[in-house]
Amino acid sequence: MSRGEKSGRLARAEFGASGTLMGFMEEYPDEESCERRLLEELFPGGFVCPRRGCPTCPRVRGRAHKWQCTRCSRQFSVTAGTMMERTHLPLRDWFLAIWLCANDRRGLSAAQLQRMVGCNERSVGRMLRRVRCAMGGSERPRRARR
């Protein structure tokens, strides 16, 4: 992934029109490859504890995208601080949504994304809102009114 202006963020150029859907599927075939890509982007020198800088941080068994420091025992998520924070959707669905949004010239509706990704309408709406905010450059998506 090429870097944007801010380090540690997925850049729009990464999912740009130069790639094909088949190329995307080959590059990100499973959750492991998506998590590995996030780790490379967020921690270029390898994953270290953000609190103490300890280089030995093994994965937490049974918890998706969680790592734990061996010194301070604090757990960290790979998705913390990203648009994927606090969601239970697979990273591959997020990466696919980003790719689809970056490659659709007319704009992608929530109904279209729901059919392509296969999540429920509410989850896809939240995902699409976060992706659009990240591509637009704003820091936080606004809360939907009820």
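R132 touches L108 and S109, leaving out residues up to four places away in sequence; contact here means heavy atoms within 4.5 Å. R132 sits in helix α5 of what is a predicted model, where local features need pLDDT of at least 70, side-chain atom pairs count only at pLDDT 80 or more, and totals for chains, interfaces and linings use all residues. Residues are numbered from 1 along each chain as its sequence is written, and side-chain values use heavy atoms, with hydrogens and water left out.

**Overall layout**

- The protein chain has five helices and two strands; these are DSSP runs numbered from the N terminus, with helices being H or I of at least four residues and strands being E of at least two.
- Going along the sequence, you get the pattern α-α-β-β-α-α-α.
- Of the 146 residues in the protein chain, 36% count as buried. Buried means under 20% relative accessible area, exposed means over 50%, and partly exposed is in between (1.4 Å probe, protein chains only).
- The accessible surface of the protein chain is about 9,700 Å², and 46% of that belongs to carbon and sulfur atoms. Those areas come from the Shrake-Rupley method with a 1.4 Å probe, and for residues only the protein chains shown count as cover.
- Take the contacts between residues at least 6 apart in sequence: 49% of them join residues at least 24 apart.

**Confidence**

- pLDDT is the predictor's confidence in each residue, from 0 to 100. The protein chain averages 80, and 81% of the residues score at least 70.
- Among the elements, α3 has the highest mean pLDDT (91), while strand β1 (residues 66-68) has the lowest (84).
- Residues 1-9 are the stretch to read with care: pLDDT stays under 50 there, and the model has 22 contacts for them beyond four places in sequence.

- Helix α5 covers residues 121-136, so 16 residues, and reaches 22 Å from its first C-alpha to its last, close to the 22 Å expected at 1.5 Å a residue. The expected span is 1.5 Å times one less than the number of residues.
- Its buried residues are V124, M127, L128, V131 and C133, and what covers them includes α3 and α4 (110-117).
- An α-helix has 3.6 residues a turn, so residues three or four places apart point the same way.
- R132 is not on that buried list: it is partly exposed because its relative accessible area is 47%.

**Helix α2 and L39**

- The twelve residues of α2 (31-42) should span 16 Å at 1.5 Å a residue, and its end C-alpha atoms are 16 Å apart, which agrees.
- S33, C34, E35, R37, L38, L39 and E41 are the buried residues in α2; their cover includes α1 (21-27), β1 and α3.
- L39 has a relative accessibility of 14%, so it counts as buried.
- Beyond residues up to four places away in sequence, L39 touches P44, F47, W67 and V78.

- T79 lies in the loop between β2 (75-77) and α3 (91-103), and counts as buried because its relative accessibility is 9%.
- The side chain of T79 makes a polar contact with the side chain of S77 at 2.9 Å. A polar contact is a pair of N or O atoms within 3.5 Å; within protein, one must be able to donate a hydrogen and the other to accept it, and residues adjacent in sequence count only if both atoms are side-chain atoms.
- Setting aside neighbours within four places, T79 is in contact with L38, M84, E85 and L91.
- T79 and L39 are 40 residues apart along the chain, with their C-alpha atoms separated by 9.1 Å.
- H65 is in the loop between α2 and β1, and at 12% relative accessibility it counts as buried.

**The nonpolar core**

- Of the 34 residues in the largest nonpolar core, W94, F95 and L113 touch the most other members. Such a core is a set of buried Ala, Val, Leu, Ile, Met, Phe, Trp, Tyr and Cys residues joined through side-chain atoms within 4.5 Å.
- α2, α3, α4 and α5 each supply at least two residues of this core, and the largest share, nine residues, comes from α3.
- In soluble globular proteins, nonpolar side chains tend to be buried together.
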